[in-house]
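Here is a short briefing for a reader new to this structure. Look over the sequence and the model, then read on.

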Amino acid sequence: MGISDLIASFLQEGLNESDGGVLEIQRSDLAQRFNCVPSQINYVMSTRFSPEHGYIVESRRGGNGYIRITRVRMDRQTLLMHVINSVGDELDLPSARAILSNLVSSGALDEGIGETMLICMGDRALGAVPREARDAVRAEVMKQVLIHQMG
């Protein structure tokens, strides 16, 4: 079992034991407990505790930084809207891949559509777009296709 699995299991146990499906933990305590860098914690949050997996994560950085994980149930429309609103103005390819994987695994997006979107947002498909503009184009493609999927 890798460090990401250990962190995810620890957090999942904490959520299961909490009242109301909410867990709040100090980021520094978590990093110290697992002897890892904060980016490892961020990776676990973005891949295991995303809205697509039924969680909302609030985070505050800094000396007293904390992470609050809330277990929620969202319908497909709400989930897609949350993703659309969270994409922002730029989206790199690894993030696009993670978002699409989470949407497909949650059942919010058909696997074929997810694969097609990933191909359309890949560097090969965006070859005519200057490299410095690809993340902006990728974000807009993601948002527009997901908006269309809501219909």
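Helix H5 (93-106) and helix H7 (134-150) are among the elements that cover the buried residues of helix H4. This is a predicted model.

**Helix H4**
- The buried residues of H4 are Leu79, Leu80, Val83, Ile84 and Val87.
- Seen down the axis of H4, these buried residues fall within an arc of 135°, so they line one face of the helix.
- H4 covers residues 76-87, which makes 12 residues.
- At 1.5 Å a residue, H4 should span 16 Å, and its end C-alpha atoms are 17 Å apart, which agrees.

**Helix H7**
- In H7 the buried residues are Arg134, Arg138, Ala139, Met142, Lys143, Leu146, Gln149 and Met150.
- They cover an arc of only 165° around the axis, which puts them on the same side of H7.
- The cover over the buried residues of H7 includes H4, H5 and helix H6 (111-120).
- H7 has 17 residues and should span 24 Å; its end C-alpha atoms are 24 Å apart, which agrees.

**The chain as a whole**
- The chain holds seven helices and three strands.
- Their order along the sequence is α-β-α-α-β-β-α-α-α-α.
- The C-alpha trace spans about 45 × 30 × 30 Å along its principal axes.
- Of the 151 residues, 38% count as buried.
- Among contacts between residues at least 6 apart in sequence, 60% join residues at least 24 apart.
- The accessible surface comes to about 8,600 Å², and 51% of that belongs to carbon and sulfur atoms.

**Salt bridges between strands**
- Side chains of opposite charge can pair when their charged atoms come close.
- The count of salt bridges comes to six.
- One of them joins Glu24 and Arg68, whose closest N and O atoms are 2.8 Å apart.
- Glu24 lies in strand S1 (residues 22-26) and Arg68 in strand S3 (residues 66-71), so this pair ties together parts that are 44 residues apart in sequence.
- Arg68 also meets Glu58 in a salt bridge, at 3.3 Å from N to O.
- Glu58 lies in strand S2 (residues 55-60) and Arg68 in strand S3, so the pair ties together parts that are 10 residues apart in sequence.
- Partly exposed residues here include Glu24 at 46% relative accessible area, Glu58 at 35% and Arg68 at 22%.

- Asp123 forms a salt bridge with Arg138, with the closest N and O atoms 2.9 Å apart.
- Asp123 lies in the loop between H6 and H7 and Arg138 in H7, so the pair ties together parts that are 15 residues apart in sequence.
- Asp123 is partly exposed, with a relative accessible area of 34%, whereas Arg138 is buried at 2%.
- A network of salt bridges links Asp123, Arg134, Asp135 and Arg138.

**Surface and loops**
- Met1, Ile3 and Leu6 form a nonpolar surface patch, with about 300 Å² of accessible area together.
- Ile3 belongs to helix H1 (residues 3-17) and is partly exposed at 31% relative accessibility.
- Asn35 sits in the loop between helix H2 (27-33) and helix H3 (38-48).
- Phi of Asn35 is near 50°, a positive value in a residue other than glycine.
- Asn35 is exposed, at 73% relative accessibility.
- Arg131, in the loop between H6 and H7, is exposed with a relative accessible area of 61%.
- The C-alpha atoms of Arg131 and Glu13 are separated by 43 Å, and the two residues are 118 residues apart along the chain.

Note on methods:
Residues are numbered from 1 along each chain as its sequence is written. This is a predicted model: local features need pLDDT of at least 70, side-chain atom pairs count only at pLDDT 80 or more; totals for chains, interfaces and linings use all residues. Side-chain values use heavy atoms; hydrogens and water are left out. Patches are made of residues with over 30% relative accessible area and no salt bridge: like charges are joined within 9 Å, nonpolar side chains (Val, Leu, Ile, Met, Phe, Trp, Tyr) within 5 Å. Accessible areas come from the Shrake-Rupley method with a 1.4 Å probe; for residues, only the protein chains shown count as cover. A salt bridge is a side-chain nitrogen of Lys or Arg within 4 Å of a carboxyl oxygen of Asp or Glu. Helices (H or I, at least four residues) and strands (E, at least two) are DSSP runs, numbered from the N terminus. Buried means under 20% relative accessible area, exposed over 50%, partly exposed in between (1.4 Å probe, protein chains only). The expected span of a helix is 1.5 Å times one less than its number of residues. The arc is that of the directions from the helix axis to the C-beta atoms. Contact means heavy atoms within 4.5 Å.
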